[in-house]
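Subject: Handover of a structure and notes on its contents

Dear colleague,

I am passing on to you the structure shown below. My notes on what was found in it follow, and I would be grateful if you read them with the structure open beside you.

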Amino acid sequence: MLLFFHRSFRLFLGPSPQPLLLPRLALSRLDKQAQKDPEENGNRPQLQLAVRCKTERRAHSRDLQWLQIPTPRGSRPDRLSMRVTLAVAAWMASLVSSYSYPANTLPDIENEDFIKDCVRVHNKFRSEVNPAASDMLYMTWDPVLAQIAKAWARHCQFAHNSQLKPPYKLHPNFTSLGENIWTGSRSLFSVSSAITAWYNEMEYYDFKTRKCSKVCGHYTQVVWADSYKVGCAVQSCPKVSGFETLSNGAHFICNYGPAGNYPTWPYKKGSTCTACPRNDICLDNLCANPQRDNVTRYYSTVYPDWPISSRNRYISLFLIVSPPILLLGVIITIWVKHKYPHI
């Protein structure tokens, strides 16, 4: 990029002075006339020393060799253009960095400890439901669900993703996806504390009547028996839309497949593992199946095609348009100073 800017300035400043061409001294050949008439020339050949200072080569002359001496670099226009080039590059770097958030120290969706915690805490609570569940499936990680959660978490909105259900289909294996959201201080965030907060809504849920005295949908999704895949992501957000009292918070989202929270009980009450699907085994009071629980380590580069927020769109437009305008102004200024040095 710097080389491109530098060459652009050189183009506007005009071509560099041509290198100097200096002739070397060359010995002429024996004078043919002296060879023909040695008596007239003292009976010996004469060497003639010729200095040719012409600036053009002659096709028949091989006596003249040219030595090319380039002009010294570091002339004033070159130094000026390079300084301006570096200044523009530094300005562009500072402009981009001014719109970048601080480095995210929260774990990414490929962090093994983060993945293990998400799966472990979910299965811990699923195995401890009261009353006991007879058909609770063992839950495993799904990378595609994690990607969907990450893509939505980047919007920093305290609201559910509206594209998790038909007619949209974000996941290749599930028609509808469930979702839980936790938002709070970064210093207070941990996978365990967030999922525990969802599970603690159990006190507002009446299993007999299937009714909630307060918000309890997060709890029912965590313990939904048929949801056997989970993918989570956490995003650092300077501000969260819909949660204006928080600044520099952690925005934690988990997506589930298939979705829960249908108008029925979250699981069947009974002795653990007594209503597991065929060929399942009982693992920690949960129904496990090696084929169903297989984790595919596949991370797609394609994210859901959600529109960019208006704020990000304006910033992107500003970052694209302003550098060329500034660069054009600098080039015109240098050209004018070079063309009219006395101004």
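In these notes, two residues are in contact when heavy atoms of theirs lie within 4.5 Å. Please bear in mind that the model is predicted.

**The surroundings of E201**

E201 sits in the loop that runs between α6 (191-199) and β7 (205-206). Leaving aside residues up to four places away in sequence, E201 touches V215, C216, G217, H218 and Y219. One of these neighbours also makes a polar contact: a polar atom of the E201 side chain is 3.4 Å from the backbone nitrogen of Y219.

Is E201 buried or exposed, and which side chain of opposite charge is nearest to it? E201 is buried, and the nearest such side chain is that of K214, 11 Å away. A salt bridge requires a side-chain nitrogen of Lys or Arg within 4 Å of a carboxyl oxygen of Asp or Glu, and E201 has no salt bridge.

**The disulfides**

A disulfide is a covalent bond between the sulfur atoms of two cysteines. How many disulfides are counted here? The count comes to five. If the bonded cysteines are counted along the chain, the disulfides follow the pattern 1-5, 2-3, 4-6, 7-9, 8-10.

One of the disulfides is formed by C156 and C237, whose sulfur atoms are 2.1 Å apart.

Another disulfide joins C273 to C282, with 2.0 Å from S to S. The link of C273 and C282 is right-handed, with 70° about the S-S bond. C273 is buried, with a relative accessible area of 17%, whereas C282 is partly exposed, with a value of 47%.

C212 and C216 are also joined by a disulfide, with an S to S distance of 1.5 Å in the model. C212 is partly exposed at 41% relative accessible area, whereas C216 is buried at 1%.

C118 counts as buried, at 0% relative accessibility.

**Aromatic pairs**

A search of the whole structure gives 13 aromatic pairs. Among them are F174 and Y228, with ring centres 5.8 Å apart and planes at 75°, so this pair is edge-to-face. The pair links distant parts of the chain, 54 residues apart: F174 is in the loop between α5 and β6, and Y228 is in the loop between α7 (217-222) and β9. F174 and Y228 are both buried.

The rings of W198 and F252 have their centres 5.6 Å apart and their planes at 15°, so that pair is stacked. W198 in helix α6 and F252 in strand β10 (residues 247-257) are 54 residues apart, and the pair links distant parts of the chain. Both of these residues, W198 and F252, are buried. They also belong to one aromatic cluster, formed by F114, W141, W182, F189, W198 and F252.

**Backbone details**

Two cis peptide bonds deserve mention. The bond from P166 to P167 is cis, with omega near 10°, and P167 lies in the loop between α5 and β6. A cis peptide bond also joins G257 and P258, with omega about -10°; P258 is in the loop between β10 and β11 (281-283).

That loop between β10 and β11 also holds C273 and N279. C273 has a positive phi of about 65°, although it is not a glycine. N279, also a residue other than glycine, has a positive phi near 70°. N279 is exposed, with a relative accessible area of 64%.

With kind regards

Technical notes: Residues are numbered from 1 along each chain as its sequence is written. This is a predicted model: local features need pLDDT of at least 70, side-chain atom pairs count only at pLDDT 80 or more; totals for chains, interfaces and linings use all residues. Side-chain values use heavy atoms; hydrogens and water are left out. Helices (H or I, at least four residues) and strands (E, at least two) are DSSP runs, numbered from the N terminus. Buried means under 20% relative accessible area, exposed over 50%, partly exposed in between (1.4 Å probe, protein chains only). Lys and Arg count as positive and Asp and Glu as negative; His and the chain ends are not counted. A polar contact is a pair of N or O atoms within 3.5 Å; within protein, one must be able to donate a hydrogen and the other to accept it, and residues adjacent in sequence count only if both atoms are side-chain atoms. A disulfide is a pair of cysteine sulfur atoms within 2.5 Å. Rings of Phe, Tyr and Trp (its six-membered ring) pair if their centres lie within 6.5 Å; planes under 30 degrees apart count as stacked, over 60 as edge-to-face and the rest as tilted.
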